[in-house]
Amino acid sequence: MMEKLSDWSEIAKEYTEKFIDYLPTLLGALALFLIGLWVIKIITKYVEKFFQKKDYDETLEKFAAYLIKWGLRIMLFVLVITQLGVESASLVAAIGGAALAIGLALQGSLANFAGGVLIIILKPFKVGDWIEAQGVSGTVKEVSLFYTKIDTFGNQRAVIPNGKLSNDNIVNYSYNGNRRNNLTFGIGYDDDIKLARKVIAEVLSEQKGILNDPAPQIFVAELGDSSVNFSVRYFAPLDVYWDIHFRVIEETKTRLEAAGISIPYPQRDVHLFQQNKEG
């Protein structure tokens with residue numbers, strides 16, 4: 001029993017001496033880690049201020065800041081591990097093996113990362129654009145490395161993986177700055193086509209925001225089953241597009257009715273025949 005206690009005492013003494021000898025290295029690594037985090041924080045703030053002063057794309061700013069921050073953290077991790085006495089060759093081999101294992105386990109995430117890089121480089125859209133993709137339409141609020149966040153018309157937040165987003169069709173309604181509207185108005189077959197066109201043209205001319213170049217178009221597009229259908233096309237800036245859209249519909253209906261022009265709707269005539277029964 002005494003021999004076992006003596007052995008344990010020698011082992012504890014040995015490891016205590018090793019810990020005391022290793023303590024300066026451990027404290028040095030801890031100091032390097034804390035100082036490194038402080039320096040990274042300062043550099044990150046400086047980079048963010050630099051981008052704020054320049055008129056760069058917001059998506060590119062976030063991507064660059066994110067990449068710099070995590071690149072510096074990886075470098076700090078390598079320095080701290082090396083300070084603790086781990087050989088560089090062993091560290092590189094361990095990082096390579098871990099990277100391979102993580103890559104196989106996170107194939108979907110890596111696809112999203114690659115998609116995020118493509119979106120940032122190719123710029124099919126930017127923050128603030130109104131887009132339609134993956135069955136969702138709304139305003140782009142954030143483009144990160146893995147996901148794109150969109151606020152829908154109903155004020156709902158949609159999060160779309162960048163991998164799917166970069167490999168599918170994207171409709172960017174904000175890209176050209178102006179948007180064309182196409183409305184259809186029907187009048188009766190007995191109504192005056194020229195008068196109806198004049199009324200619609202007056203409504204369009206009174207709307208502030210409708211562009212004169214290209215000029216609005218009003219033409220008969222179809223002879224329908226119960227109406228003569230006008231196609232009304234015009235361009236308007238994005239910020240007033242919907243306001244003009246709703247005003248034109250309301251004003252056109254009111255003015256056509258005031259001018260004595262009917263706006264037909266589908267209806268069905270039912271004819272009843274009386275038959276005489278014999279016998």
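**Exercise 1. Determine which residues form the contact between helix 6 and helix 7, and describe the geometry of the pair.**

Step 1. Ala196, Val199, Ile200, Glu202, Val203 and Leu204 of helix 6 meet Val248, Glu251, Thr252, Arg255 and Leu256 of helix 7. Contact means heavy atoms within 4.5 Å. Helices (H or I, at least four residues) and strands (E, at least two) are DSSP runs, numbered from the N terminus.

Step 2. Sorted by type, the residues of this contact between helix 6 and helix 7 are seven nonpolar, one polar and three charged. Here Ala, Val, Leu, Ile, Met, Phe, Trp, Tyr, Cys and Pro count as nonpolar, Asp, Glu, Lys and Arg as charged, and the others, Gly among them, as polar.

Step 3. Two packed helices are described by the angle between their axes and the distance between the axes. For helix 6 (residues 193-205) and helix 7 (residues 241-258), the axes come within 9 Å and cross at roughly 140°. Axes are lines fitted to C-alpha atoms, for helices over the stretch in contact, and angles run from 0 to 180 degrees between N-to-C directions.

Step 4. Helix 6 and helix 7 are therefore oblique to each other. Angles under 35 degrees count as roughly parallel, over 145 as roughly antiparallel, 65 to 115 as roughly perpendicular and the rest as oblique.

Step 5. The crossing of helix 6 past helix 7 is right-handed. That is the case if the near helix is turned clockwise from the far one by less than a right angle, and a crossing is left-handed if anticlockwise.

**A note on the model.** This is a predicted model in which local features need pLDDT of at least 70 and side-chain atom pairs count only at pLDDT 80 or more, while totals for chains, interfaces and linings use all residues. Residues are numbered from 1 along each chain as its sequence is written, and side-chain values use heavy atoms, with hydrogens and water left out.

**Exercise 2. Describe the five-stranded open sheet.**

Step 1. Its order is 4-3-2-1-5, and the pairing is antiparallel.

Step 2. Five bridges join strand 2 (residues 136-143) to strand 3 (residues 147-152), and the two run antiparallel. Thr139 stands opposite Asp151 in strand 3.

**Exercise 3. Is Asn162 buried or exposed, and what is it in contact with?**

Step 1. Asn162 belongs to helix 5 (residues 162-166).

Step 2. Asn162 has a relative accessible area of 0%, so it is buried. Buried means under 20% relative accessible area, exposed over 50%, partly exposed in between (1.4 Å probe, protein chains only).

Step 3. Leaving aside neighbours within four places in sequence, the contacts of Asn162 include Asn112, Gly115, Ile119, Phe146 and Tyr147.

Conventions. Two strands pair if DSSP finds at least two bridges between them.
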